[in-house]
Amino acid sequence: MASVSLTGVNKIYRSRGEAVHAVRDLDLAIADGEFVALLGPSGCGKTSTLRMIVGLEEITSGEIAFDGRRVNELDPQRRNVAMAFETYALYPGFTVAENLAFPLEVMGLPEAKRSVRVREMAAMLRLEDILDQTPAALSGGQQQRVSLGRALIREPAAFILDEVMSHIDAHLKFRMLFDLKRIHRDLGRTTIYVTHDQVEALALADRVAVMSQAELQQVGTRNELYHHPANVFVADFIGEPPTNFFATRLESSGGTARLRVEDSELVLELAPERAARLAETGDARFIAGIRPQNLHLEGGRDGRSASVAAAVAINEYVGEQVILTLGNGASVFRALAAPETRAARGEPVRMHYAPRDVMVFSESTEELIA
């Protein structure tokens, strides 16, 4: 196993004579045995980052180190990093056992030791009953487990996974999430997982590194990202349904500070400590955010001392819950409700919330203030 650190890493591609900055000034430290997910939309720089760690892409500037040792100039083989891709890349003419054993054969491991390792890996991944089958006879989930096993069996210093669940259906994906979490727990291998899916990242990783437009936005645990997002992008990208955002202006009445939402009758109450922070900025306009999960039809519980009025636009039943799309003036926002909620279109409702759940961001920088 190994710790992995990236310091001031940049990647610039040349396209039609122009420079494309794919990764900008990236600093990231991954502890020995840690599971870290690189999360972000397509084109954000996460795959370029992964390929630089592996050694498949040259670094334009900066340094990558394993256990404190610079590896910029080392080829992938000498970095001892194993990688699994979204495409399974199995040898079609080999059986499952032969696919698993092939990396060990390349390493020169004797046949007896290869057989032992193959049996151990097959047991870990629940592949014992299909060792004599070829990839064409396997399901997508089985092929993915074989692909993972072929990477893991090398006992690499770090294990790199690139969008490995992109081609797996939703039901099987949840099973694979469980398997990956169990494998990491059993092996304690340093793991870097690239994905655009927040469910995968938050379910698997010890910490998540959120990227956007070639830059690292925030690194943190699922609770840190959800409750204390660094900026509007993170608050919007983490959480489902996405956070509601409102353009607001600060106003005071009777010594109490509130945020009035533009082009509507909505007024958002603030927790006293947050109101004090806003006053210190000297600004008058802010972006307010509140998650749909923090808006409720019932009040008086869990600090829900504030409320806003709205009319129901859409009542969307999604099985375990209802997503209400609500409107007040030009403001449209969403809230979650119990599955038995029968609010009809146009029906007036009052949504309750706790003032501490109102997040406030700078209008100019979009960074979290309070």
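The largest pocket has 21 lining residues, and those nearest its centre are Val81, Ala82, Met83, Pro103 and Arg154. A pocket here is an open set of points on a 1 Å grid over the protein atoms alone, where a 1.4 Å probe fits, with protein on both sides within 12 Å along at least five of seven lines, and lining residues have an atom within 4 Å of a point. The model is predicted, with local features needing pLDDT of at least 70 and side-chain atom pairs pLDDT 80 or more, while totals for chains, interfaces and linings use all residues. Residues are numbered from 1 along each chain as its sequence is written, and side-chain values use heavy atoms, without hydrogens and water.

**Largest pocket**
- Its space is about 560 Å³, a volume being the space filled by probe spheres set on grid points joined across faces, edges and corners.
- E6 gives the largest share of the lining, 4 residues; helices (H or I, at least four residues) and strands (E, at least two) are DSSP runs, numbered from the N terminus.

**Second largest pocket**
- This pocket holds about 190 Å³ of space, and its lining includes Phe94, Glu98, Phe102 and Arg119.
- H3 and helix H4 (111-124) each supply at least two residues of that lining.

**Leucine 297**
- Leucine 297 lies in the loop between strand E14 (285-290) and strand E15 (306-317).
- Leucine 297 counts as partly exposed because its relative accessibility is 29%, between the limits for buried (under 20%) and exposed (over 50%), with a 1.4 Å probe and protein chains only.
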